[in-house]
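Please open the structure in a viewer and keep the sequence at hand.

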Amino acid sequence: MAALLKALAKNIGPKLVIGLGLSGAALAAMHWIDPPAARDAAPAEAETIAAPVNAAAPSPTPAKLVERRSDQPMEIDPGALMVKRVLPIDGPFRHGDYVWDEKGAPASGPVIITIDLKAETLSVFRAGYEIGAAVILYGATDKPSPLGAFPITQKDADHVSNLYDAPMPYAQRLTSDGVFIHGSDVEYGRGTHGCIGVPTAFAKKLFGVTKLGDIAIITNGKMLNVNNAQAGT
């Protein structure tokens, strides 16, 4: 068992935690950190929180879609996601890198996006199976990305920022004050005005599997419990 967990840890690297009912009070204690991106470089002290649930648990999508500001994250069921599979990542996971593999994953089921600012990593899960992961850009210190759980409230493949007159391909809105996940040139040393930037090819794939109301959960260094997950297919 110990050998299996060690192998999983090598393949998984830094992951975002889903759980603990991410309330505004808990999020207020988190802070913004800017380490180099490497999936195998998670700090040893990173907290791991379990989130096991029944595989048939309903999607955490709210019944009525409500737009939220960056300072109004939604609460989410601590059992929103049980990780069944994680994708293997060989070697360092650097800016511009991503993986996408739906082979062996259910064709349908709840989609949850996890974003770990500290690890600079986004993962997308469908029915508990990781189907994609990418290194991200996130908000600079003067315009930080928000922390918490936010539903996707708008999808626009050809979106252009009305504030910065900049293209935001395959944009998916998370907050009413302009935070999106969108395609970007993900290069080391770059930042955003609060959005989550992913490689454009990855953004297109992500755009294709999400729907309005799917949840993106942003934390800063917390990790999934993957003790019961399998690596690969």
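With which side chain does the side chain of Ser123 make a polar contact? Select Ser123 and Glu130: their side chains make this contact at 2.8 Å. A polar contact is a pair of N or O atoms within 3.5 Å; within protein, one must be able to donate a hydrogen and the other to accept it, and residues adjacent in sequence count only if both atoms are side-chain atoms.

This is a predicted model, in which local features need pLDDT of at least 70 and side-chain atom pairs count only at pLDDT 80 or more, while totals for chains, interfaces and linings use all residues. Residues are numbered from 1 along each chain as its sequence is written, and side-chain values use heavy atoms, with hydrogens and water left out.

Remain at Ser123, which lies in strand E5 (residues 121–126). Strands are DSSP runs of at least two residues, numbered from the N terminus. Ser123 counts as buried because its relative accessibility is 2%; buried means under 20% relative accessible area (1.4 Å probe, protein chains only).

Now select strand E10 (residues 180–184). Five of its five residues are buried, so E10 is largely enclosed by the rest of the structure.

Phe180 in E10 is the bridge partner of Arg173. Six residues lie between E9 and E10 in this hairpin, and Gly178 in the turn has a positive phi of about 95°.

Finally, select strand E11 (residues 196–199), which runs parallel to E10 and is joined to it by four bridges. There, Gly197 is the bridge partner of His182.

Terms used:
Buried means under 20% relative accessible area, exposed over 50%, partly exposed in between (1.4 Å probe, protein chains only). Two strands pair if DSSP finds at least two bridges between them.
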